[in-house]
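Morning, everyone. I have one structure to walk through today. Have a look at it first.

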Amino acid sequence: MKETLYNLLAKQGDMTWQQIILNVGVSALIGVVIYISYMLSHKGTIYSKKFGVTLVALTVMTGTVMTVIGNNIALSLGMVGALSIVRFRTALKDSRDTVYVFWTIIVGICCGVGDYVVAATGSTAVFLVFLLFGAVRSDTRMLLVIRADRSIGDNIEALVFQYFSRSAVLRVKNTNGSRVEYIYEMSRRTLEKAQSEHSSLTDDFYRLGPVESVNIVAQSDEIYN
């Protein structure tokens with residue numbers, strides 16, 4: 001019984017150099033496709049060339065590990081134990097980056113066990129999804145921040161309602177003995193429409209009286225390092 005169990009644990013896959021090179025090569029090739037998809041679907045400051053190169057490397061590494069493991073149960077158990085102590089704390093800039101990490105791992109697993117058709121078919125489907133929808137970004141929220149004398153607070157609220165109606169949502173109203181601060185949230189489209197209709201938008205607030213400042217701030221959910 002002990003000898004049978006030992007032979008089962010020590011059993012190794014019969015891999016040739018050609019098979020190893022093919023597994024790693026296909027992993028690298030599809031990794032490049034993942035890199036191209038990442039480059040096309042990420043624009044502006046959220047794009048990181050280093051992260052794109054990391055995706056290719058991660059695909060090759062996963063394919064290499066799966067090639068080594070093969071049908072060896074002992075190596076599989078050891079790999080699970082080794083990975084269980086690893087903690088990844090790198091902050092991702094975009095929620096789509098998590099999908100890219102899983103994509104590289106899945107492709108590496110498929111190529112490592114020789115299922116190239118599955119890896120290519122799945123990658124084609126994901127590539128098309130990101131090509132069609134990956135570059136779609138949510139409308140950036142705009143914040144209108146007004147600091148002024150408390151005595152003209154009602155006039156400010158009336159002017160905001162006149163320009164933006166109910167499209168501007170009052171998020172914060174801070175007051176003290178003599179000052180008041182308003183923070184309104186609206187979409188970029190709403191702000192651009194108001195600015196096109198009223199070219200002197202900020203000047204109109206200053207004409208109300210003792211206004212300290214009128215600031216327009218863009219707010220988004222993206223994480224920057």
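This is a predicted model: local features need pLDDT of at least 70, side-chain atom pairs count only at pLDDT 80 or more; totals for chains, interfaces and linings use all residues.

Start with helix H2, residues 17-41. H2 has 25 residues. From first C-alpha to last, H2 reaches 36 Å, close to the 36 Å expected at 1.5 Å a residue.

Which residues of H2 are buried? They are Asn 23, Val 26, Ser 27, Ile 30, Gly 31, Ile 34, Tyr 35, Ser 37, Tyr 38 and Ser 41. In an α-helix there are 3.6 residues a turn, so residues three or four places apart point the same way. And what do the buried residues of H2 pack against? Three partners: helix H3 (49-69), helix H5 (96-112) and helix H6 (116-133).

Now the salt bridges. The structure holds six. I'll show some of them.

Glu 185 pairs with Arg 171, at 2.9 Å, N to O. This pair links distant parts of the chain, 14 residues apart: Glu 185 sits in strand S3 and Arg 171 in strand S2. Glu 185 counts as buried, at 16% relative accessibility. Arg 171 is exposed, at 51%.

Next, Glu 212 and Arg 179, at 3.1 Å, N to O. Glu 212 is in strand S4, Arg 179 in strand S3, and 33 residues separate them. Glu 212 is exposed, at 52%. Arg 179 is partly exposed, at 28%. There is also a network here: salt bridges link Asp 149, Arg 179 and Glu 212.

Last one: Asp 204 with Arg 207, at 2.3 Å, N to O. Asp 204 counts as buried, at 16% relative accessibility. Arg 207 is exposed, at 57%.

That's my tour. Over to you.

Definitions and conventions: Residues are numbered from 1 along each chain as its sequence is written. Side-chain values use heavy atoms; hydrogens and water are left out. Helices (H or I, at least four residues) and strands (E, at least two) are DSSP runs, numbered from the N terminus. The expected span of a helix is 1.5 Å times one less than its number of residues. Buried means under 20% relative accessible area, exposed over 50%, partly exposed in between (1.4 Å probe, protein chains only). Contact means heavy atoms within 4.5 Å. A salt bridge is a side-chain nitrogen of Lys or Arg within 4 Å of a carboxyl oxygen of Asp or Glu.
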